[in-house]
Amino acid sequence: MDARFNLFDNELATRFAKRFANAGMVIHQSPLPKSTQELVSLRASQINGCGWCIDMHTKEAAAAGETSVRLNLVAAWRESTVFTGAEQAALALAEEGTRLADAHQGVSDETWAQVRKHYDDDQIAALVSLVALINAANRLAVIVHQRGGSYQPGMFAAAFD
């Protein structure tokens with residue numbers, strides 16, 4: 001299946017993508033650990049079935065030193081021993097924030113309490129913004145059938161320098 005539409009070849013889409021990337025830079029430059037950012041982005045992308053974003057975040061995480069064991073276990077993080085309590089709280093928030101329609105409450109009070117336990121206000125602001133942003137990115141890529149497999153680390157950032 002080929003992409004339905006090339007978001008990188010359209011002027012309006014490119015202008016939007018630059019602003020979208022700028023929002024991402026705010027999160028990237030936040031005090032939220034980079035490894036947590038990639039794990040959260042990867043987990044939301046797995047849930048949403050976004051091959052492009054799974055490809056991107058797996059490769060970016062690996063390039064930044066993330067281990068293959070942890071990357072391979074993100075989909076089953078609850079059944080794994082390789083994630084910290086803080087990472088588990090972030091992954092739970094990513095899942096509940098991604099699956100809003102699956103639960104009447106959205107993010108549970110239990111998950112929110114764990115997030116508050118492990119992160120300060122700036123990190124929480126970044127984490128909540130990241131969950132919203134990666135879900136939007138997943139929707140953009142899935143709608144146009146942007147396929148995974150060709151991403152190279154640093155490619156997205158280089159496109160908007």
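**Helix packing and a pocket: a quick chat**

Reader: Where do I start? How do α2 and α3 sit against each other?
Author: In this predicted model, the axes of α2 and α3 come within 9 Å and cross at roughly 155°. Angles over 145 degrees count as roughly antiparallel, so α2 is roughly antiparallel to α3.

Reader: Is that crossing left-handed or right-handed?
Author: The α2 and α3 crossing is left-handed.

Reader: Which residues make the contact?
Author: From α2 you have Glu38, Ser41, Leu42, Ser45 and Gln46, and from α3 there are Cys53, Ile54, His57, Thr58, Glu60 and Ala61.

Reader: And what classes do the residues of that α2 with α3 contact divide into?
Author: Four are nonpolar, five polar and two charged.

Reader: OK, moving along the chain. What's up with α5 and α6?
Author: Helix α5 covers residues 85-98 and helix α6 covers residues 109-118; their axes come within 9 Å, crossing at roughly 140°. That angle makes α5 oblique to α6. The crossing of this pair is left-handed.

Reader: Who's touching whom there?
Author: On the α5 side the contact uses Gly85, Ala86, Ala89, Ala92, Leu93 and Glu96, while α6 brings Thr111, Trp112, Gln114, Val115 and His118. By class, that contact of α5 with α6 has six nonpolar, four polar and one charged residues.

Reader: Which residues meet in α6 and α7?
Author: Trp112, Val115, Arg116 and His118 in α6 meet Asp121, Gln123, Ile124, Leu127 and Val128 in α7. They divide into five nonpolar, two polar and two charged. Trp112, Val115 and His118 are also in the α6 part of the contact with α5.

Reader: Switching topic: what volume does the largest pocket have?
Author: About 1,000 Å³.

Reader: How many residues line the largest pocket, and which lie nearest its centre?
Author: There are 39 lining residues, with Ala21, Gly24, Met56, His57 and Phe156 nearest the centre.

Reader: Which helix gives the most to the lining?
Author: That's α1, with 11 residues. Helices α1 (11-28), α2 (34-48), α3 (51-63), α7 (121-143) and α8 (155-159) each supply at least two.

Reader: And the lining by class?
Author: It has 24 nonpolar, nine polar and six charged residues.

Conventions
Residues numbered from 1 in each chain as written. Predicted model: local features only at pLDDT ≥ 70, side-chain atom pairs only at ≥ 80, totals over all residues. Heavy atoms only, no water. Axes fitted to C-alpha atoms, helices over the stretch in contact; angles between N-to-C directions. Helix = DSSP H or I, 4+ residues; strand = E, 2+ residues; numbered from the N terminus. Parallel < 35°, antiparallel > 145°, perpendicular 65-115°, else oblique. Left-handed = near helix turned anticlockwise from the far one by under 90°. Contact = heavy atoms within 4.5 Å. Nonpolar A, V, L, I, M, F, W, Y, C, P; charged D, E, K, R; others polar. 1 Å grid on protein atoms, 1.4 Å probe; cavity = no way out; pocket = protein on both sides within 12 Å on 5 of 7 lines; lining within 4 Å. Points joined across faces, edges and corners; volume = space filled by probe spheres on them.
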